[in-house]
Every structure is written in structure tokens, then in C-alpha cells.
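Biologist: I am new to this structure. Please show me how to read its features, one at a time.

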Amino acid sequence: MASQIGLGSRLLAREENKAWVSDNGTFAFGFTPIEDGDDRLQLAIWFAELPGDRTVVWSPNRNSSVTKNAILELDSTGNLVLSDGEAAVIWASNTSRAGVQAAAMSESGNFILHDDTKRPIWQSFSHPSDTLLPNQPLSVSLELTTSQSPPRASYYALKMLQQPTSLSLALTYNLPETYDSSPDSYANYSYWQGPDISNVTGDVVAVLDEKGSFGIVYGESSDGAVYVYKNDDDYGGLSAATNRSTGLSVLRRLTLETNGNLRLYRWDDDVNGSRQWVPEWAAVSKPCDIAGICGNGICNLDRSQTNASCTCLPGTSKAGKDSQCSENSSLIGKCDPRQGYQESQFRISTVPQTNYYYSDFSVIANYSDVRNVSKCGDACLSDCECIASVYGFDDEKPYCWVLRSLDYGGYEDTGSTLFVKVRSNGLETGDGGEGSGDSSDGTLNGKEKVLVIPIVLSMTVLIALLCLLLYYNVHRKRTLKRAMESSLILSGTPINFSYRDLQIRTWNFSQVLGTGGFGSVYKGSLADGTLIAVKKLDKVLPQGEKEFITEVNTIGSMHHMNLVRLCGYCSEGQHRLLVYEFMKNGSLDKWIFPSFHSRDRLLDWPTRFNIAVATAQGIAYFHEQCRDRIIHCDIKPENILLDEKFSPKVSDFGLAKLMGREHSHVVTMVRGTRGYLAPEWVSNRPITVKADVYSYGMLLLEIVGGRRNLDMSFDADDFFYPGLAFKEMTNGMPLKAADRRLEGAVDEEELIRALKVAFWCIQDEVIMRPAMGDVVRMLEGSMDINMPPMPQTVLELIEEGLDHVYKAMKREFNHFSSFTNTSHPSSRATCSYSTMSPR
């Protein structure tokens with residue numbers, strides 16, 4: 001049939017090959033069989049020309065299938081109605097007398113009801129099901145959802161979540177709408193989130209463009225964009241996608257699958273000689289990172305980390321063809337407080353190495369003073385309302401969450417233990433060892449008993465003595481090892497750990513603290529309970545084992561209160577690991593840059609200034625006071641760690657190439673993070689310790705301003721902080737350059753000293769930058785500071801025109817930015833953050 005459909009047009013389900021098709025035959029709208037539907041049908045839009053099973057992209061009645069008696073009619077009032085024989089209306093567009101004159105199946109996959117001027121009155125794009133097509137906008141009020149057909153009435157959704165200060169695109173697992181009359185906060189759980197969108201005006205819309213990039217556009221003219229996934233061949237940008245409705249040169253679809261993953265597919269006409277859908281991107285890489293994938297059961301990954309299997313919780317078992325876990329009312333640990341709680345009717349079943357997804361509403365209490373694992377189970381057993389409890393560690397502190405429900409599923413976690421309350425079965429196991437003495441078979445006479453009893457007693461005593469001896473030897477070895485580790489750490493000599501020992505100390509590298517330029521960092525604990533951070537170097541260093549150990553010992557011999565202490569190392573085969581002291585308050589960036597996760601963290605001015613001075617002292621130490629001069633090469637907030645008293649310690653020093661005093665520069669690859677790199681890195685000039693001075697100057701400006709030096713979320717006047725700060729300093733209004741969140745609570749004299757020092761440090765000419773020792777003296781006030789000239793970098797930007805530069809960089813930022821989300825624990829050690837450099 002033609003793509004234009006007039007009033008009074010009908011489709012009959014019994015006419016199997018009839019459908020409303022788009023002009024070029026790309027899409028069809030009509031009745032199609034549902035999977036395992038026993039001749040049941042659904043009204044749907046699908047790709048019309050593809051071979052094989054139909055790929056449905058939209059359906060209004062996924063949860064209410066129809067028979068072959070169903071009729072779809074665009075009636076004379078302009079209402080599109082689906083009815084099933086004599087039954088009531090199954091679905092309708094509710095557009096009666098709204099001015100609808102005709103309908104059209106478009107080449108973009110959008111079914112449109114329009115008036116006589118072709119203005120859309122209703123369109124399927126505004127009522128999505130589980131698939132997003134190219135150029136189809138997903139606004140804040142819309143969501144993709146999986147079907148809610150029984151027996152599994154829970155479902156997944158992709159939607160915009162409103163945070164206190166921002167919006168974020170999220171995947172959620174949703175309980176049935178009738179579940180326990182629960183509030184919205186309890187009825188869904190978010191297990192994946194895209195980038196946050198904040199401080200924007202206008203519409204915020206998620207969109208898939210024709211080139212296969214997926215992201216969010218925002219602003220009055222949709223000129224702002226952030227990518228969730230960017231196709232390498234996409235040069236057009238997301239912003240234009242919301243304004244197009246043309247046909248598609250390459251067929252793509254973004255589908256929310258029944259397993260909860262969001263996956264992007266492209267149709268390929270030649271995959272090993274066949275034609276099929278090819279996956280290009282998925283939001284979640286590990287199935288067990290998806291809540292509810294096993295119902296309320298436990299998800300277990302195989303060795304490949306890509307395939308999952310499900311096990312049921314104690315008190316539940318698999319039932320039905322979909323193998324979902326269901327409760328056994330005679331076993332689950334629910335009690336009725338109205339009938340009085342008898343603790344003896346219940347017991348705790350332990351599920352080791354398991355954590356659980358739960359919402360805030362599910363939490364009865366959180367006990368941080370539970371030091372023993374089993375006590376967490378006891379806390380649940382003593383509470384009538386409790387169904388389960390979870391024990392684990394957050395940093396070095398244990399936690400015990402007591403829960404009133406188990407709905408969103410569990411997953412393997414070596415550092416956690418799940419306790420589930422179940423009913424006691426009341427059955428006592430008898431020993432069954434006593435006979436009546438009447439049977440002649442299998443019974444012992446008196447003489448045999450006289451011989452057997454002494455032999456059994458002797459063997460028991462001998463085994464007990466052997467066990468005591470073995471325990472004594474093992475305990476003695478452990479005591480000696482702990483004493484040796486403690487003495488080596490106190491003496492400052494790095495310990496040579498085996499790789500197996502560090503596996504044990506870090507619980508098989510299960511608690512990731514962060515990821516930096518040199519490798520990933522994991523939390524661990526020594527035998528005496530001392531917390532450590534273990535850095536796994538990503539690439540094997542070019543030195544041999546002897547040279548590596550020599551270099552590590554050099555770093556380990558450096559002791560300063562403002563340097564992170566190296567406790568040990570591992571050099572075994574291809575493995576190279578470094579063991580550092582653990583820093584409780586994490587990295588400086590978490591405390592000076594505002595974000596949703598750290599909105600309650602604000603360092604006052606005295607703490608900031610002390611951090612700035614102490615950091616300079618630490619850098620000056622390895623620049624000027626060590627036998628082997630060290631260039632850090634990556635000074636930035638992420639590499640400044642804070643202890644429990646907010647004393648700063650520089651980390652990752654010595655991981656760049658060591659430089660002897662007799663050398664004037666190092667020959668090495670370009671290291672560091674853009675935005676903190678000195679100009680000589682890109683101008684092929686010799687690299688000296690003054691490169692670190694430049695990076696420190698950029699760091700000092702960020703400490704003062706409480707923001708990134710280059711932040712495209714600000715407007716054209718404020719996006720480049722060094723230019724803003726220099727203008728306010730020279731205009732005699734330095735307080736305007738300080739972090740606005742401090743509300744003027746700043747020592748103005750210290751502020752001026754800090755700004756002057758920072759601008760001397762970021763001079764383009766190496767000779768004009770002060771040594772770090774002089775930086776310390778100037779900050780402390782024991783050395784006069786002249787007014788610095790405007791740095792060449794700042795001058796060039798101002799001369800070029802900040803507004804012009806801002807627009808050019810905004811286009812570049814929107815063009816090349818690509819954001820991906822990973823749910824990892826918050827970083828407590830070094831992690832790399834790249835920012836765009838104005839140079």
C-alpha cells in the first residue's frame with residue numbers, strides 16, 4: 001500500500017501480507033506474529049525489506065497481543081483505533097477531532113497522523129517502545145521500555161533521571177507498577193548512567209544520528225552536545241540529528257533488550273557472506289552489572305566475563321519456562337509483627353562472596369561498627385522486618401546494610417557477604433549411632449571393644465599433637481613475617497613482595513581505587529592491618545629486573561612528609577607492581593572541583609593554602625635535595641593525595657625517567673596531562689625541572705579558583721581561568737578570582753601571593769620561572785614577589801579574542817568529546833584527567 005493513508009482506511013489481521021509501507025519500502029506498519037505467541041499478533045512497525053524474521057522497532061500493544069480478528073482503523077474522526085473482534089478497544093491514538101486528515105508511514109520509521117498542512121498531530125516517535133531509530137528524539141518526558149508481559153512483569157527502561165542539580169541518561173530496572181504499592185524511588189533501580197547534564201537551558205534530548213553516534217543534545221538551538229558513544233566515521237555532530245526526518249542510507253537501531261542492555265546495531269549486507277544485524281556498541285559489557293538480570297537471584301560470570309548464569313537465593317527456587325527464581329512461602333524469612341516475632345522460627349543462610357543491588361527504600365539500617373562478619377547476619381536475625389543483610393568494606397571501614405527486601409538481584413563480589421533470613425525447617429538430625437544390642441550383625445563383643453577403644457584414643461591423641469605442632473609452626477612463621485614487614489616498613493626499606501602475596505593482600509585485585517597514566521591502583525591490607533595502595537604498572541618497563549629494583553630502591557629511599565611513601569614492590573616475570581601507603585581522603589581534585597558526587601566537600605582557605613605550600617615543599621625536595629634529581633612530569637590535582645589530616649602528599653614521583661644532576665635535560669616520550677604540560681613539551685626544547693614548575697603553577701591556579709583552568713561549561717568571558725584571574729589581579733580585585741563558594745572568606749595577602757607565584761610559574765620562557773625552593777619561600781612570605789608579566793599563553797588568547805577562541809574550542813569540544821560511564825568505586829589514588837589545552 002502507499003505511504004499516505006486516508007480517513008476510513010483499515011488493516012485486517014487476517015490478511016497476512018497487508019501493511020502500510022513507506023515510499024521506498026524501508027518500513028512497514030501492520031500486524032505481525034509475536035514470538036511463542038500461539039497465533040497471537042501485535043500491531044507493529046518493522047524493517048520491511050530485510051530477510052529473515054521481522055525486526056520490530058515499535059509496537060503500541062506489546063503487552064496486549066491480539067487475535068486474527070483484530071482490526072486497525074483510521075476512523076472518520078481522525079482517531080487511529082486497534083480493536084480485537086467484539087472485544088473492547090485495545091489501543092487508540094486519542095486524536096478524535098484533533099484535525100487529523102491523513103496518515104503516513106515515513107522513510108525514517110515514524111508513523112505520522114497529520115492535518116491538511118502536513119503538520120503532525122500524533123507520531124509514533126513521540127511514543128517509543130524499546131527501540132530508538134536514527135534522528136528520533138528521546139526527550140526528558142519519554143523513555144524506552146522492554147515489554148511487561150507475564151510471568152516477568154518487571155521491566156527495563158532507558159530514560160532521563162532528574163538529579164538534584166543535573167539530568168543524566170540512565171538504564172533502570174523497574175518492579176511491576178502494582179508491586180507492594182511502592183513509591184517510585186523504590187520501584188526502580190539505576191544500574192548504568194551516561195554523562196550528567198547541568199547548568200543548561202532549553203530542551204535536553206537523547207538522539208541517535210545517521211552515522212551511528214549516540215548522545216545528548218541540549219540548549220535553545222540544540223547546539224550543545226555530549227556523546228555517550230561516538231562512531232569514528234561521524235563528522236557531522238549530534239546537533240543536526242534532531243532536525244532531520246529523511247530516509248536512511250545505513251540501517252541502524254538502538255534497542256533496549258530484554259536482558260537490560262542497551263545495544264546499537266547496524267545492518268550489514270556482507271558479514272562472512274551473509275546479511276545480518278551487527279552490534280556496534282553496548283552500554284554494559286558485563287551481564288552481571290545489570291540489575292535484575294536473574295530476577296532477585298544471584299548472577300555469576302564465567303571465566304570469559306561475558307556469559308552469566310543464575311542461582312537462586314536461599315528460600316527460592318527456579319520455576320517456569322524462563323527459569324526465574326520464585327519464593328517458597330514456607331521457607332522465606334518474612335515475619336508478621338502483628339503475631340509477635342519469634343526469632344527461633346528463623347535462621348540465617350550465608351551466601352559468601354556476594355553483594356546485592358538495593359534501593360535506599362530497602363535499607364532499614366546501616367551499622368558501621370560491626371567488626372565481625374557473622375554479627376551482620378545476627379543483626380538481621382534479630383530484626384523482624386529484615387529479609388537480608390550485606391557485609392562489606394567501604395575504604396577501610398566495614399559496613400552492614402540491613403534490608404527489608406530483595407528485589408534487584410545480586411552479583412559476585414569477593415569482598416562482600418550476603419546473609420538471607422529463612423525459616424527454620426524444625427528438623428533435627430539424629431546421630432543414628434546407637435543400636436538396640438539385639439542384632440548379631442555389626443555389633444562388637446566385649447573383647448573387641450577392649451582392643452578397639454585404646455587404639456582409637458591413641459590415634460586421637462596423636463592426631464591432636466600433630467595438629468598442635470603444625471599450628472605452632474604456621475603461627476610462628478606468620479608472626480615472624482609480620483614482624484619483618486613491620487620492621488622493614490618502619491626502617492623505610494621497600495619490601496620485595498611476591499605476586500601471589502599481593503594477590504592475597506588485595507583480595508585478588510578486587511577493589512579498584514583508580515586508574516592513572518601508569519596503571520591501575522588497588523586497595524589492600526598488610527598482615528598487621530596496615531592499609532596499602534598497590535599500583536599495577538600497565539606496561540612492563542624497558543629495564544631488566546635488576547635495573548627496576550635499583551630504581552625502586554632509589555625512590556624508596558626518598559622520605560619527605562609531603563611525598564607518598566613507597567612501602568614495597570614486586571618484580572616477578574612480567575609483573576611490575578609498586579606498594580604505597582594508603583591515603584584516606586583520596587586525591588585533591590575530589591575536594592577542589594565541584595561535582596554532584598562531591599557537592600558537600602569544600603576546603604576552606606587556610607587548608608587550601610597549606611596544601612599549596614606543602615605540595616611545593618614536596619616537589620622542591622625531589623628537585624633540589626635528592627642525590628638523583630627527579631622530574632615528575634605529571635603534576636596535577638589527581639596526583640596530590642590527602643591523608644586523614646588533609647596534609648598533601650605528591651604521588652607518582654620517580655615513575656618518569658630518573659635524571660642525574662649532571663644532565664640538563666631528559667630524552668623521553670611526552671608524558672603528563674594536557675592542560676598542565678609546559679610549552680617546551682611541544683616545542684622540542686630541553687625538558688628540565690622547570691617543566692614541573694609550570695605544571696605546579698597551573699595546579700596552584702586551580703587550588704585558588706576551585707575549578708578547572710579550562711572549563712567549557714562557563715561562558716566565553718570565564719571559560720579560561722588564568723586569563724580571568726590575571727585580569728582581576730591586575731585590576732586590584734583579586735578576591736573575585738578566588739573560589740566563589742568561599743564567599744570571600746579568604747586571606748587577601750595570601751591570595752595575592754599565590755596568584756603572583758602561579759603566574760611566574762607559568763611563564764613561557766623557562767628562565768623566567770622560579771625554582772621550587774623559591775616558590776616555597778615566596779608563598780611563605782620570606783621572599784619578595786614582583787608583579788609578573790602576562791604569560792604568553794594568556795596574552796595570545798586575549799589578542800586572538802576570547803569569544804572567537806571560545807566558539808572555536810566549543811565546536812572542537814562538541815566534535816571530539818566522547819563520554820563513557822563506568823561504575824567503579826570512587827578513586828582513592830591517582831587517576832588521569834585530560835583537559836583541552838588552549839595551546
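Biologist: At what angle do helix H11 and helix H12 pack, and how far apart are their axes?

Modeller: Two packed helices are described by the angle between their axes and the distance between the axes. Here helix H11 (residues 748-761) and helix H12 (residues 772-780) pack at about 160°, with axes 9 Å apart. Axes are lines fitted to C-alpha atoms, for helices over the stretch in contact, and angles run from 0 to 180 degrees between N-to-C directions. Helices (H or I, at least four residues) and strands (E, at least two) are DSSP runs, numbered from the N terminus.

Modeller: A word on the source. This is a predicted model: local features need pLDDT of at least 70, side-chain atom pairs count only at pLDDT 80 or more, and totals for chains, interfaces and linings use all residues. Residues are numbered from 1 along each chain as its sequence is written, and side-chain values use heavy atoms, with hydrogens and water left out.

Biologist: Are H11 and H12 roughly parallel or roughly antiparallel to each other?

Modeller: Angles under 35 degrees count as roughly parallel, over 145 as roughly antiparallel, 65 to 115 as roughly perpendicular and the rest as oblique. H11 and H12 are therefore roughly antiparallel.

Biologist: Which residues make the contact?

Modeller: Contact means heavy atoms within 4.5 Å. H11 contributes Arg753, Ala754, Val757 and Cys761, while H12 contributes Val775, Met778, Leu779 and Glu780. By class, the contact of H11 with H12 has six nonpolar, no polar and two charged residues. Ala, Val, Leu, Ile, Met, Phe, Trp, Tyr, Cys and Pro count as nonpolar, Asp, Glu, Lys and Arg as charged, and the others, Gly among them, as polar.

Biologist: Is Cys761 buried or exposed?

Modeller: Buried means under 20% relative accessible area, exposed over 50%, partly exposed in between (1.4 Å probe, protein chains only). Cys761 is buried, at 0%. Cys467 is partly exposed, at 48%.

Biologist: Now the disulfides. How many are there?

Modeller: A disulfide is a covalent bond between the sulfur atoms of two cysteines. The rule used here asks for a pair of cysteine sulfur atoms within 2.5 Å. By that rule the count is four disulfides.

Biologist: What handedness does the disulfide of Cys288 and Cys299 have?

Modeller: The torsion about its S-S bond is about -75°, so the disulfide of Cys288 and Cys299 is left-handed. Cys288 lies in the loop between strand S24 (274-282) and strand S25 (298-301), and Cys299 lies in S25, so the pair ties together parts 11 residues apart in sequence. Cys288 is buried at 5%, and Cys299 is buried at 1%.

Biologist: Where do Cys294 and Cys310 lie?

Modeller: Their sulfur atoms are 1.9 Å apart, and the two cysteines form a disulfide. Cys294 sits in the loop between S24 and S25, and Cys310 in strand S26 (residues 308-311), 16 residues apart. Cys294 is buried at 3%, whereas Cys310 is partly exposed at 26%.

Biologist: What is the torsion about the S-S bond of Cys376 and Cys400?

Modeller: It is about 90°, so the disulfide of Cys376 and Cys400 is right-handed. This pair links distant parts of the chain: Cys376 in helix H2 (residues 373-381) and Cys400 in strand S32 (residues 397-403), 24 residues apart. Cys376 is buried at 0%, and Cys400 is buried at 0%.

Biologist: How many helices and strands are in the chain?

Modeller: The chain has 14 helices and 41 strands. Of its 839 residues, 50% count as buried.
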